[in-house]
Amino acid sequence: KSIEREKFVPLVKEEVEKEKKGTNEKEDEDVQAGRRKRSKKEPRDWETVWSAIQSMREETIAPVDTMGCDRLFDSEAPPPVRRFQILVSLMLSSQTKDQAVSACVKRLQSIEGGLTPSSILALSDDELRSQLYGVGFHNRKTTYLKKVSSTILDPPYNGDIPRTLTELVSLPGVGPKMAHLALQAAWNDTVGIGVDVHVHRIAARLGWTKKCPTPEHTRKALEEWLPFEKWRPINEMLVGFGQTVCTPVNPKCGECKAR
């Protein structure tokens, strides 16, 4: 029996559309080029495999479906705070399971003032570090969160997260995967594919990429042939698939419809 998932509703559509006017022109050109491209590198029968994975994803709820970084923000908070909470969730997610990220975000949302840049800066390093227990590299992420919170409060951001890829990856602790997913979830803007360890691993297993040593190589390889409309959904689809069926160790190949 299929299980309907709650779809992410873009944050304050009118505000997003207004902010889109400031999008970096180079990023727009790259995306338009991506929309036009259908490379000869397109894998054989990839659409059949995609459909099979989608079917499996509809049958089982994965951790990402309820605890993904686009589902942890406080829905009653102002839009800039929601976007900040999405970015924080992504920053915490590196080398950390969704369950631990979800628990940590809830703790941070319960501090005085809630999870905002000002509230993060009001905590001492030790106080913030104690809130991040269970999160991988919590000492490093304590430093990153402080620096990002300070940057966001100053001009030109004035309390909101950046809305271009270039600006996002310039923040401490924010890599390309986080930046792409932040743009999608916080600004409803897709300029590339968010590739994490699950997408990186599974794309190679499926034969969708070849000789890609890093997630960034995988992103570029996928964007050469995958239709633009698939750039956003591929992350959640393959992450959930990797959490439930195509696991890193002892994958459930006997149950896989995509073989």
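Helices (H or I, at least four residues) and strands (E, at least two) are taken as DSSP runs, numbered from the N terminus. The structure is a predicted model, in which local features need pLDDT of at least 70 and side-chain atom pairs count only at pLDDT 80 or more, whereas totals for chains, interfaces and linings use all residues. Residues are numbered from 1 along each chain as its sequence is written, and side-chain values use heavy atoms, with hydrogens and water left out.

The protein chain contains 14 helices and zero strands. Its mean pLDDT (the predictor's confidence in each residue, from 0 to 100) is 89, and 85% of the residues reach 70 or more. Of the contacts in the protein chain with a separation of 6 or more, 69% are accounted for by residues 24 or more positions apart.

Of the 259 residues of the protein chain, 49% count as buried. Buried here denotes under 20% relative accessible area, exposed over 50%, and partly exposed the range in between (1.4 Å probe, protein chains only). The accessible surface of the protein chain comes to about 13400 Å², of which 50% belongs to carbon and sulfur atoms; such areas come from the Shrake-Rupley method with a 1.4 Å probe, and for residues only the protein chains shown count as cover.

The buried nonpolar residues were grouped into cores. A nonpolar core is a set of buried Ala, Val, Leu, Ile, Met, Phe, Trp, Tyr and Cys residues joined through side-chain atoms within 4.5 Å. In soluble globular proteins, nonpolar side chains tend to be buried together. The largest nonpolar core has 38 residues, and those with the most contacts inside it are L87, L92, L108 and L145. Two or more residues are given to this core by each of helix 5 (79–93), helix 6 (98–109), helix 9 (138–153), helix 10 (165–169) and helix 11. Helix 11 supplies the largest share, eight residues. Apart from this core lies another, of 28 residues, among them I193, W225, L226 and M237. When residues up to four places away in sequence are not counted, L87 touches V148, I152, I161, L168, L171, V174 and A182.

Helix 11 has 12 residues and reaches 16 Å from its first C-alpha to its last, close to the 16 Å expected at 1.5 Å a residue; the expected span is 1.5 Å times one less than the number of residues. Because 10 of its 12 residues are buried, helix 11 is largely enclosed by the rest of the structure. The buried set consists of M178, A179, H180, L181, A182, L183, Q184, A185, A186 and W187. Within helix 11 (residues 176–187), A179 has a relative accessible area of 0%. Leaving aside neighbours within four places in sequence, A179 is in contact with L165, L168, V169 and V174. A179 and I193 are 14 residues apart in sequence and 9.9 Å apart in space, C-alpha to C-alpha. Helix 11 is followed by N188, whose phi is positive, near 55 degrees.

N235, found in helix 14, is buried at 10% relative accessibility, and its side chain reaches the backbone oxygen of G194 at 2.7 Å. Beyond neighbours within four places in sequence, N235 is in contact with L181, G194, V195, D196 and V199. T244 also lies in helix 14 (residues 233–244) and is buried, with a relative accessible area of 16%. A polar atom of the T244 side chain lies 2.8 Å from the backbone oxygen of G240. With neighbours within four places in sequence set aside, T244 is in contact with T60, I61, A62 and K252.

A cis peptide bond, with omega about 5 degrees, joins P155 and P156; P156 is found in the loop between helix 9 and helix 10. In the loop between helix 8 (125–131) and helix 9, F137 has a positive phi near 55 degrees and is partly exposed, with a relative accessible area of 45%.

Methods: Contact = heavy atoms within 4.5 Å. Polar contact = N/O pair within 3.5 Å; in protein donor to acceptor, adjacent residues only side chain to side chain.
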